[in-house]
Amino acid sequence: MSVPHIEGLSAKLLVVVARWPFAVLTSPINYPVRFLFHHEKSSPPAQEPVQAVVPELHQAELAAAYYGERQGGDHYDFVRVGPTRVLFGLLDMAGRIEENGSVVSAAQHTFRTRSPELFAAEDVNEADAMAELCLELNRAIMAAEGGIRSCPAFAGCYNEDLGTICYFNAGHTPGLLRDANGITELTATGLPMGLFSHATCDASLVALPPGAALLLVSRGVLEGKRKREEFGLDRVKSGLQQAVGETARELCVTMIDGVQQFMRKPPVHNDVTALALVRTNNSKMQG
């Protein structure tokens, strides 16, 4: 089977056995990046999160990637809630994977079951629905944990007709929106989930013009270190700005490759995850 080539990257993308939900990106120092493609769902072990399926979008693309094997609580998911709306989310739960699997699974179950219900009406108020979803996710996490567990999270509803994203940022690293005007930080709209049972989180609305991109990265990306210096948000922003024209898949891989190149070693200090939503540049299509 031929290997697809990503222009401008020093690594190559290899597709593994079709029943698995990822591909492996071998870096210049031969460590893997797990990359999410369209796939059929597999049966997970008990109390483990179900593998996410990336919905196909109209004139846009969603993708997510993470480095190596899961260690902590990073988890992304996607769910189509109507003909023109798709929800996506990235959780960054505290703790190791062996101790938080059931909590992440509970959050995913709430995300997948309640999202279609909250967005069932065509004229739904997206901000109200997102705020309610955040509240219910928070309660599900606390109930599954039986106590307190910090869980920063970013979730958004992409409206394909309008090209807008209604989102909440519950104490997560800022989402980064790149458009013709530069990069805008989508900062926290509330506290991390899992801390207070009645905590509320506001929802905000941003436009995603043709050619624009939204990038989410986990805390592990920012915390990648070389000596005592962290990779940091500024380097993520710089990488996003320089990556103009890349697809969502390429953008995710570029971000993780950038952390590895900065550290000059495998980034195994924490989960290192990226999620991207890129809207097609109509003018390029027409050209």
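First, the ground rules. Residues are numbered from 1 along each chain as its sequence is written, and side-chain values use heavy atoms, with hydrogens and water left out. Because the model is predicted, local features need pLDDT of at least 70 and side-chain atom pairs count only at pLDDT 80 or more, while totals for chains, interfaces and linings use all residues.

On to the backbone. Most residues other than glycine have a negative phi. Gln59 has a positive phi of about 55°. It sits in the loop between β3 (32-36) and β4 (60-67); strands here are DSSP runs of E, at least two residues, numbered from the N terminus. Gln59 counts as partly exposed because its relative accessibility is 33%; buried means under 20%, exposed over 50%, partly exposed in between, with a 1.4 Å probe and protein chains only.

Lys227 also has a positive phi, near 60°. Its loop runs between β13 (225-226) and β14 (229-230). At 82% relative accessibility, Lys227 is therefore exposed.

Now the second largest pocket, with a volume of about 370 Å³. A pocket is an open set of points on a 1 Å grid over the protein atoms alone, where a 1.4 Å probe fits, with protein on both sides within 12 Å along at least five of seven lines; lining residues have an atom within 4 Å of a point. Which residues lie nearest its centre? Arg178, Gly211, Ala212, Arg279 and Asn281, out of 19 lining residues. β9 (175-179) and β15 (273-279) each give two or more residues to that lining.

Notes: Helix = DSSP H or I, 4+ residues; strand = E, 2+ residues; numbered from the N terminus. Points joined across faces, edges and corners; volume = space filled by probe spheres on them.
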